[in-house]
Structure formats: structure tokens, C-alpha cells
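This report is meant for someone meeting the structure for the first time.

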Amino acid sequence: MRTDIFARLDREPEPPKIVAPRMSRHRAALFGGTLAFYLAIVFAVLVTSWLVALDWKVMLFRPYQQWPELHAFLDYYVVLGQRGPTAVMVACWLGWRSWRQHTLRPLLVLGTSLLLLNVTVGAVKLGLGRLGPHYATQIGSAEMFAGGDIFPSGHTANAVVTWGILAYLATTPRARRYLSAVSATVSLGVGLTTVYIGTHWLSDVVLGWAAGLLILLALPWFEPLIARAESWIFDVREQWRARRRAVRQVRAPGAVPQPVLLPQSIAAEGTALAAGTGTPAAHPHPHLATGARARAHHAPTVCPERPQPAQAGPMTGG
């Protein structure tokens, strides 16, 4: 007997009607507030404000020395923020959803969010060039424009985006609430773990949270582009299938061509009938024999009981 769990593994008979999120006023207000907070963090670090002093206090506190028993576990936990492993795990889940629901939207949304993450976070990282705590050169300095690439935290922003996509693509309000709580917990833990092991400043993590949230909030603006891309991919697939069907029809075997009746076969058939056999000689090709019989039926025959009169010779005087 089938259960509901195994029934959900089957492919749905037709694509469900999924309503893509729109940029509502509430979401636009959240986007504007998060962007203002993002810019405020960058400004506070640039002017070496109290936030930079807090970064140094946390770094000099050395959490990994205060709680060394957590180090082994957190070394594995921080992998949940690495782009490669998390992207593969989430892509497998969304790929199954795409197959089950006959739609490419989950995978296209994931690809769009990761592209935005690489472009926006990567550009800020390289542009500001902040050094990490392990490479700091002067106590109290913001360590900006020194050739680093840790501001904002890529682990934190990737955790927010990758796990937040699951909540963004949820189809029910209940699932969206649960997945939002899970993604927030995972991204919060990943960010604090990078501070614990000393690879990021606290301000790096705060800016990474804001950067990831900005990408999730901006995704509705890209929904029309995602829909057009999905339609184009399906159109290309149908054209490719139509070409394959046409090639198969051209290569399919047609009717067997009728062989040409050779003169030798006709002569053999006529000889057999003239010899009085009554039936034509056996022929390896039945259709050839049939044609020969048809021709032999209309051919003149010589009757043996009625001898032909001899032709008179020339008359001579005696």
C-alpha cells in the first residue's frame, strides 16, 4: 500500500499554478531599510568609528581560546556557508522539485540569486580590500584598502541567500515561516562561527547578513526575466524534439522497391511452357514468377498434335 510520503515522490500530472512573489510596498520598504543599514555599516567602518573598536575587542577576546571545546564542531558547521557544498545540496533539492513540477523556475531562481551574490558581494570585497583579523597590521585600524577580500563576509551572505531561497520558493505560508526560521538560524550561526574562529571581523558578518537579505528582497524584480528565460528554454527543447522526430521519419525504412523482371527469366518461363510442363519453372522470387506466368499466358504456343505443313519448294521442269 502506498503512503503519502512515497506518493509525493511521483511526478505531478501537470505543472502547478505557482504565483511568483511581487515587489510589494512592504517588501520595497524592507529593501530600502536594509540598503540604508548596509550603507551605514560601510560608512562606519570607513571612518573607523566605534564599530571598528568593537571589532578589535572581539578579536582580542579570542573566542576560540575561551571555548576550545566548540572548535571541532564549528569547523564542520561553517561548511554550511561555503558556496560550493551548499549550492550543490540546494541545487539537488530544487532540481527534483523542477522535475516533479514540470518547471525550471526553482533552478533559475537559484542561479539568478547566486549570480547576484557573486557580482555584488565580490565587487564590494575587491573594492574595499579589507584585511582579516589574522592579517591585521595595526591595532585599532580598519585595515581598509590593503588588498584583502573579507568585507562583507562571503560565508554569511552565501548562507543567507542559499538557505533563504528555500523559504522564498515555498508554496505555502506555513512552509515559508518554518523555512525562514531555519535559514535565519543557519546564517546567524555561520556568521558567528566565522567570528569565533577568527576569520572575520564582527562588522564583516553584520554586512554579510545585510548583503544576503538585499539579494532575497530584490528577487521579485527578476521574476519576469526568469519567466522569459524558462519559456525560451522550453521553446528550444520543443524545437529540438521536433527536429529529432523529423530525422527519425526520414531515416525510417519505406516500401520495398519492386525488382525489374529480367529477360532471362521471361525466356526460361516461356521455354518451360513450350516443353509442355504446364507450370512455369520454379523461380527464387515469387513475384517474378507471377509476372512471367502472366506474360506466358498471352504468348503463342505450338500444338504438337497438328503438324505444320511443309513449305513447297520451287518448281522445276523434268
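Leaving aside residues up to four places away in sequence, Ile41 touches Leu51, Phe151, Ser203, Val206 and Leu207. Ala210 stands 169 residues away from Ile41 along the chain, yet the C-alpha atoms of Ile41 and Ala210 are separated by 9.4 Å.

**The chain as a whole**

The model is a predicted one, and its chain contains 13 helices and zero strands. Read along the sequence, the pattern is therefore α-α-α-α-α-α-α-α-α-α-α-α-α, with helices defined as DSSP runs of at least four residues. Of the 318 residues in the chain, 35% count as buried. Among the contacts between residues at least 6 apart in sequence, 74% join residues that are at least 24 apart.

**Helices H7 and H8**

Two packed helices are described by the angle between their axes and the distance between the axes. Helix H7 (residues 105-128) and helix H8 (residues 154-168) have axes that come within 10 Å and cross at roughly 160°. That angle makes H7 roughly antiparallel to H8, since angles over 145 degrees are counted in this way. The crossing in which H7 passes H8 is right-handed.

Which residues of H7 and H8 make the contact? On the side of H7 they are Arg105, Val109, Ser113, Leu114, Leu117, Val121 and Lys125, while H8 contributes Gly154, Ala157, Asn158, Val161, Thr162, Ile165 and Tyr168. Sorted by class, this contact of H7 with H8 has eight nonpolar, four polar and two charged residues.

**Helix H11**

Helix H11 runs over residues 223-251, and at 1.5 Å a residue its 29 residues should span 42 Å, which agrees with the 42 Å between its end C-alpha atoms. The buried residues of H11 are Glu223, Ile226 and Glu230, and the buried residues of this helix pack against H7 and H8.

**Backbone features in the loops**

Most residues other than glycine have a negative phi, and most peptide bonds are trans. Against that background, a cis peptide bond joins Phe151 and Pro152, with omega at about 5°. Pro152 has its place in the loop between H7 and H8, and Phe151 is also one of the residues that Ile41 touches.

| Residue | Phi | Loop | Relative accessible area |
|---|---|---|---|
| Thr48 | about 55° | between H2 and helix H3 (50-61) | 41% |
| Arg62 | about 55° | between H3 and helix H4 (63-66) | 30% |

Notes:
Residues are numbered from 1 along each chain as its sequence is written. This is a predicted model: local features need pLDDT of at least 70, side-chain atom pairs count only at pLDDT 80 or more; totals for chains, interfaces and linings use all residues. Side-chain values use heavy atoms; hydrogens and water are left out. Axes are lines fitted to C-alpha atoms, for helices over the stretch in contact, and angles run from 0 to 180 degrees between N-to-C directions. Helices (H or I, at least four residues) and strands (E, at least two) are DSSP runs, numbered from the N terminus. Angles under 35 degrees count as roughly parallel, over 145 as roughly antiparallel, 65 to 115 as roughly perpendicular and the rest as oblique. A crossing is left-handed if the near helix is turned anticlockwise from the far one by less than a right angle, and right-handed if clockwise. Contact means heavy atoms within 4.5 Å. Ala, Val, Leu, Ile, Met, Phe, Trp, Tyr, Cys and Pro count as nonpolar, Asp, Glu, Lys and Arg as charged, and the others, Gly among them, as polar. The expected span of a helix is 1.5 Å times one less than its number of residues. Buried means under 20% relative accessible area, exposed over 50%, partly exposed in between (1.4 Å probe, protein chains only).
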